[in-house]
Amino acid sequence: ETTTKSLANSKAELSSTQGACLQTAADHEATLAGREEELKVIAEAKKILQDTSSGAVSQTYSFAQVDSRSSASAATSGAVAFVKKLAKKHHSAALAQLASRMAAVSEFGAKEDVFAKVKGLIRDMISKLEKE
């Protein structure tokens, strides 16, 4: 009788553990898929930043600049808006944080090297996601 009860308890625990294991495996697969999607989005954002900032590197500036918002600033704000849109679409806190950091760097960072700082933020986020 004790053996029968013990066997029934063991079977119940096994069933419970198997269910939890399957759920954990499914959650892990969903997490991996989400990370893969985030990496694709980050790669796309990086490409857009590189495409939009390539002209800023070769452009010459003068002291007689009329408008404080340069084309580089407009490109940065466009990239920030794009990353924010992707963060909202994919419900990604990591992308939202990246967009926030990009905006802060473009607004308050060193004006002469905004794109290098933004690219650095993106590289840091990519390496963080790859480590996870």
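## Basis

The model is predicted: local features need pLDDT of at least 70, side-chain atom pairs count only at pLDDT 80 or more, and totals for chains, interfaces and linings use all residues. Residues are numbered from 1 along each chain as its sequence is written, and side-chain values use heavy atoms, with hydrogens and water left out.

## Salt bridges

In one, K5 pairs with E1, with 3.8 Å between the closest N and O atoms. K5 has a relative accessible area of 53% and is exposed; E1, at 74%, is also exposed (exposed is over 50%, buried under 20%, partly exposed in between, with a 1.4 Å probe and protein chains only).

K40 forms a salt bridge with E36, the closest N and O atoms lying 4.0 Å apart. The two residues are 4 residues apart in helix α1 (residues 2–58), about one helical turn; helices are DSSP runs of H or I, at least four residues, numbered from the N terminus. K40 is partly exposed at 49% relative accessibility, and E36 is partly exposed at 48%.

## E38

E38 is found in helix α1.

Leaving aside residues up to four places away in sequence, E38 touches S92 and L129 (contact means heavy atoms within 4.5 Å). The side chains of E38 and S92 make a polar contact at 3.0 Å (a pair of N or O atoms within 3.5 Å; within protein, one must be able to donate a hydrogen and the other to accept it, and residues adjacent in sequence count only if both atoms are side-chain atoms).

Key:
Salt bridge = Lys/Arg side-chain N within 4 Å of Asp/Glu carboxyl O.
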